[in-house]
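Please keep the sequence and the structure in view while reading.

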Amino acid sequence: MIESLLVANRGEIARRIIRTAKRLGIRVIAVHSEADADLPFVAEADEAVLIGPPNPALSYRNTEAILAAAKSTGAQAIHPGYGFLSENAEFARTVEASGLIWVGPDADAITAMGDKINARNLMAAAGVPVAPGTTDPAADLEAAVTAAAEIGYPVMVKAAAGGGGMGMGVAADEATLRTEYDKVRAFAERMFGDGSVLIERYFPRVRHVEVQILGLADGRVVALGERECSVQRRNQKLVEESPSPAVSPELRSRLLAAAVRAGEAVGYRNAGTVECLLDPATGEFFFLEMNTRLQVEHPVTEYVYGIDLVEEQLRVASGLAPTFDPAALTPSGHAIEMRINAEDPKRFLPGPGVIRTWVEPTGEGVRVDSGYTEGNTVTPFYDSLLAKLIVSGATRDEALDRATAAVAAFQIEGPKNNVPFFAELLTNDEFLSGAYDTSIVSRMR
């Protein structure tokens, strides 16, 4: 097993990785910006290194500073968490070229799946269903107009190098397409350094379902069930649950088999997620993208399968067998995760500030993965995620009951937060029935 680990991230995911690593007896090094010096993850690490000012480009995306910290502290491996450098193939290559262990998929897999068009083509060749769309970037606006006419409106205009719900627009007609194409292309060039744009069929009423895969050290790829991710705002997830209320045993078998084929197609190792769009009326699903990292919502899979995904990541990176028998994976119960964000619960606009009160819920089947505590300052420099509230139960109804009680008990004063939104969601008949889709939040607003 790896003996020393540098966590190249911050907040709740840094704490989450630190917790497992320390349980395994691994020495843990945290890196942090000036803005995060007082956050819990810094104090909980065995050693902490300041790597720069608040601007992420000068700290958490500063590859030279992170590698220097690894060298100075004698770190053996680097875990990137999610976001920041987690899907940066060049950084992964640099880490390994420096003689360090990269806790994640290899750079070739990251590269293959990082470009949406290349990923679509690879998946189609592997027999994974893909939505109607372009097989090459739309070279210019007129090419996009031609492609959209062939695919049929409405269409999704998507940055080929995008992710996390960013760099996307919907066009119901040619006039809107002309506006959205220019907007998405400019955004993609600014944010990702790559203005390539693809055009896909847009499905107004679908569910967003993803499969957790794990590429083992011996070369096998296993699927650890699916997660329902359809409660979203601005194409970004707010709630995830496993198993999905929309997935039958027969559909689950097809979905998981396709996800395994996706991983095998790129020789995948370590944790990853195959994201799909599901038409609940027909049972058809289409490959959306593959996230070559640990997902924010991984805890619901951990509950249902009784494993620690961070531990499994570390074991794969160390060349070790998993803690479970891949031939005897048996899910049990139901789990729901709610992303507690520092944002207005109505318009979902960020609301930083000093946390005056922070009281986390407790009880059977309740877990809180938090990045902050009372007295900390939520700054405007990073994403708005404060914590993840995860509940589990023997059934979905039991998990929902525990979620309702936990949300009522979660007390946060200071920054704006979306806890009231979850209280509202948990009384929404559409959500409670399980028959919801990606437009549920827009109907609530």
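Ala89 has its place in helix H4, which covers residues 89-97; helices here are DSSP runs of H or I with at least four residues, strands are runs of E with at least two, and both are numbered from the N terminus. The model is a predicted one, in which local features need pLDDT of at least 70 and side-chain atom pairs count only at pLDDT 80 or more, while totals for chains, interfaces and linings use all residues. Residues are numbered from 1 along each chain as its sequence is written, and side-chain values use heavy atoms, with hydrogens and water left out.

Is Ala89 buried or exposed? Ala89 is buried, because its relative accessible area is 12%; buried means under 20% relative accessible area, exposed means over 50%, and partly exposed lies in between, computed with a 1.4 Å probe on protein chains only. When neighbours within four places in sequence are left aside, Ala89 is in contact with Ala107, Ile110 and Thr111, where contact means heavy atoms within 4.5 Å. Ile110 stands 21 residues from Ala89 along the chain, yet the C-alpha atoms of the two are separated by 5.6 Å.

Helix H4 is also a partner of helix H3, whose buried residues pack against H4 and against strands E1 (4-7), E2 (27-33), E3 (47-52) and E4 (77-79). H3 spans residues 63-73, and its buried residues are Ala65, Ile66, Leu67, Ala69, Ala70 and Thr73. Just after H3 comes Gly74, with a positive phi of about 75°.

In soluble globular proteins, nonpolar side chains tend to be buried together. A nonpolar core is a set of buried Ala, Val, Leu, Ile, Met, Phe, Trp, Tyr and Cys residues joined through side-chain atoms within 4.5 Å. The largest such core in this model has 96 residues, of which Leu6, Ile78 and Val231 touch the most other members. Strand E19 (residues 385-393) supplies the largest share of this core, 6 residues. Beyond its neighbours within four places in sequence, Ile78 has contacts that include Leu5, Leu6, Ile66, Leu67, Ala70, Phe91 and Trp102. A second, separate core holds 27 residues, among them Ile213, Ala259, Ala262 and Val274.

Two further helices deserve attention. Helix H1 (residues 11-23) packs with helix H11 (residues 309-317) at an angle of about 65°, their axes 9 Å apart. The contact joins Arg16, Ile17, Thr20 and Arg23 of H1 to Leu309, Val310, Glu311 and Leu314 of H11. By class, the residues of this contact are 4 nonpolar, 1 polar and 3 charged; Ala, Val, Leu, Ile, Met, Phe, Trp, Tyr, Cys and Pro count as nonpolar, Asp, Glu, Lys and Arg as charged, and the others, Gly among them, as polar. The axes are lines fitted to C-alpha atoms, over the stretch in contact for helices, and angles run from 0 to 180 degrees between N-to-C directions.

Helix H10 (residues 298-305) is largely enclosed by the rest of the structure, because 7 of its 8 residues are buried. These buried residues are His298, Pro299, Val300, Thr301, Glu302, Val304 and Tyr305. Gly306 follows H10 and has a positive phi, near 65°.

Most residues other than glycine have a negative phi, and most peptide bonds are trans. Asn270, in strand E12 (residues 270-279), has a positive phi near 80°; at 0% relative accessibility, Asn270 counts as buried. Phe348 likewise has a positive phi, near 60°, and lies in the loop between strand E14 (334-341) and strand E15 (353-354). At 4% relative accessibility, Phe348 also counts as buried.

The peptide bond from Tyr153 to Pro154 is cis, with omega near 0°, and Pro154 lies in the loop between helix H7 (141-151) and strand E6 (155-159). Another cis bond, also with omega near 0°, runs from Ser242 to Pro243. Pro243 belongs to the loop between strand E11 (236-242) and helix H9 (249-265).

Finally, consider the chain as a whole. The chain contains 15 helices and 20 strands, and 57% of its 445 residues count as buried. Its C-alpha atoms fill a box of roughly 55 × 50 × 45 Å along the principal axes.
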